[in-house]
Amino acid sequence: MDDTLQLPAPRPAPRPSSPRPKAATPASASGIVVFSGGSAANNLVDVFEHVRDTNDCCLSYVIPISDNGGSTSEIIRVFGGPGIGDVRSRLVRLIPGNNDPERKAIKNFFNHRLPKVDNVAQAEWFAILEAGHSLWDNISSPKRELIRSILNTFNLEVIKRMRPSSRFDFSGASIGNLFLTGARLFTGSFEAAIYLLSSICAVPDRIAVLPALNTNFAHHIAAGLADGTVITGQNDISHPSVPTAAVPGTGAHLFAPTPQNEPNEEEHEAVEDANLPGSLPALRRPAITFSKDEEEDLPARIDRIWYINPYGQEIRIPANPRVIDAIRSCRTVIYSIGSLFTSLIPNLVLKGVGEAIADPSVRNKILILNGTLDRETGPSSEPFSALDFIAAIANACANSRGLPVPSPEEYSLYVSHMIYIEGPKSPKVDRPRLASLGIDMTRLYGPRNEDGSGGRYDAKALQQTLESIVGRKDTRPDRSRRNTLIG
């Protein structure tokens, strides 16, 4: 296809019922936007950077802020605000120059977690505040004092909020999360806090880390299952702290049972925290401890994700304007590996996102299919296929636009390419069906685990495949690319 800049010919305005928006000016489309969560996509950061460098363009990461588990849950309980763990994780992962002693020390510092026992965690926290901890080694004095001032700001806010009925629990807290929260409270701006941490981490200007919502408030999600059950809060959807008690087909809210050492619904109202009185107990319950290794099956497939207010009512909210600007100025959107319904979909259902992705100026809409299924996509009775992944993305984008569930023939509006690997635990791929929908497919061969199973992408093979798609070097359908680095 000829990419020479040409002025579009005049054409009549589309009918209001048409799902296809008017194309943007081709000259504005040059960047890459990656939708992802935190830990899974962190493994592909170097791949995305190589692709960005090859195409000499900007790269934007769009990160959800709906997480309410782990140490983030304690920050939200006491201070409110967005779920910042994935944003912090990506910023720290983007620190360049692993051979530089100071940058390596800064990465270790912001990734460090306090011990899981509260009194031991507090002792280590005070050692950090007093600059007597070994984590400060190799961090220069100007940066050390800047970081300490923000951490001391956070500590002062903790002291101000101490009550007999409520104390901040430092167990397992991420120092980077505490820093971001302190910076947000000091500046009054989540965006300013991200800028400060990005500057300290020396993240290059050509790379942007954008929260899906630019907000100082907590925003939670809910999942509707196919049997009518509703689960509130990302942590209970993805990896609940305790086993969930589900009654399929009731259409009732699904909550994890309250452990004996945690307050019940009435006692929640006596606890002074950042949540409105009357807020759903599931959103106020601490969730510092959870496991991603032992996950029970959901009682039914997840059908839809939406945002809720503190009382559980569905709300439709606009995306961060910078996210919309990034999509409108890009030529390629990448849906990265990670949790489908808690890492990808919360970014896509926000108002404005689906419309921007559907614009024809976004030429490449690439899904990197998960190598394995998880709690969200792998109910043993009916595991997700590749087509189900694509349908979930298309449904979320259509929901963002206020449109009904799209037909399969409309899926290519939102997913034009799919990269996948095959393995015993991988989603099944119906190649003829996807080809009939106009979706281009590339199969890769990843490294094998010790038990002979796959599930992991080879970085070099994935990089070459993305470059061939983004650079339009090879558009042949149904191609297969073998990893030649594996003996």
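Mentor: Two residues are in contact when heavy atoms of one lie within 4.5 Å of heavy atoms of the other, while helices (H or I, at least four residues) and strands (E, at least two) are DSSP runs numbered from the N terminus. This is a predicted model, in which local features need pLDDT of at least 70 and side-chain atom pairs count only at pLDDT 80 or more, whereas totals for chains, interfaces and linings use all residues. Residues are numbered from 1 along each chain as its sequence is written, and side-chain values use heavy atoms, with hydrogens and water left out.

Trainee: How many helices and strands does the secondary structure of the chain come to, and what percentage of its residues is buried?

Mentor: The chain has 18 helices and 13 strands. Buried residues (under 20% relative accessible area, against over 50% for exposed and in between for partly exposed, with a 1.4 Å probe and protein chains only) make up 54% of the 487 residues. Among contacts in the chain with a separation of 6 or more, 74% join residues 24 or more positions apart.

Trainee: Which residues in α4 meet which residues in α5?

Mentor: From α4, the residues are R88, V92 and R93, and they meet K107, F110 and N111 in α5. Sorted by class (Ala, Val, Leu, Ile, Met, Phe, Trp, Tyr, Cys and Pro nonpolar; Asp, Glu, Lys and Arg charged; the others, Gly among them, polar), this contact has two nonpolar, one polar and three charged residues. Helix α4 covers residues 85-93 and helix α5 residues 101-111, and the two pack at an angle of about 165° with their axes 10 Å apart; such axes are lines fitted to C-alpha atoms, for helices over the stretch in contact, with angles from 0 to 180 degrees between N-to-C directions. Angles under 35 degrees count as roughly parallel, over 145 as roughly antiparallel, 65 to 115 as roughly perpendicular and the rest as oblique, and α4 and α5 are therefore roughly antiparallel.

Trainee: Why is α4 described as largely enclosed by the rest of the structure?

Mentor: That description applies because eight of its nine residues are buried, namely G85, D86, V87, R88, S89, R90, L91 and V92.

Trainee: At what angle do the axes of α14 and α16 cross, and which residues in the two helices meet?

Mentor: The axes of α14 (residues 340-348) and α16 (residues 386-400) come within 8 Å and cross at roughly 30°, so these helices are roughly parallel to each other. L340, F341, I345 and L348 in α14 meet F389, A392, I393, A396, C397 and S400 in α16; by class, the contact holds nine nonpolar residues, one polar residue and no charged residues. As for covering, nine of the nine residues of α14 are buried, including T342, S343 and N347.

Trainee: Which residues touch the most other members of the largest nonpolar core?

Mentor: In general, nonpolar side chains tend to be buried together in soluble globular proteins. A nonpolar core is a set of buried Ala, Val, Leu, Ile, Met, Phe, Trp, Tyr and Cys residues joined through side-chain atoms within 4.5 Å; the largest one here has 129 residues, and F35 and Y335 touch the most other members. Its largest share, ten residues, comes from α16. Not counting residues up to four places away in sequence, Y335 touches F35, L344, L348, I393 and C397, among others.

Trainee: Where does S36 lie, and between which elements?

Mentor: S36 is in the loop between β1 (31-35) and α1 (39-42), and S36 counts as buried because its relative accessibility is 0%. Beyond its neighbours within four places in sequence, its contacts include R90, S336, S343, L344 and N347. S36 and P346 are 310 residues apart in sequence, yet 9.9 Å apart in space, C-alpha to C-alpha.

Trainee: What is the phi of A131, and what is that of N138?

Mentor: Most residues other than glycine have a negative phi. A131, which is not a glycine, has a positive phi of about 65°, and N138, also a residue other than glycine, has a positive value near 75°. A131 is placed in the loop between α6 (118-129) and α7 (141-160), and N138 is likewise in the loop between α6 and α7. A131 is partly exposed, with a relative accessible area of 29%, whereas N138 is exposed at 56%.
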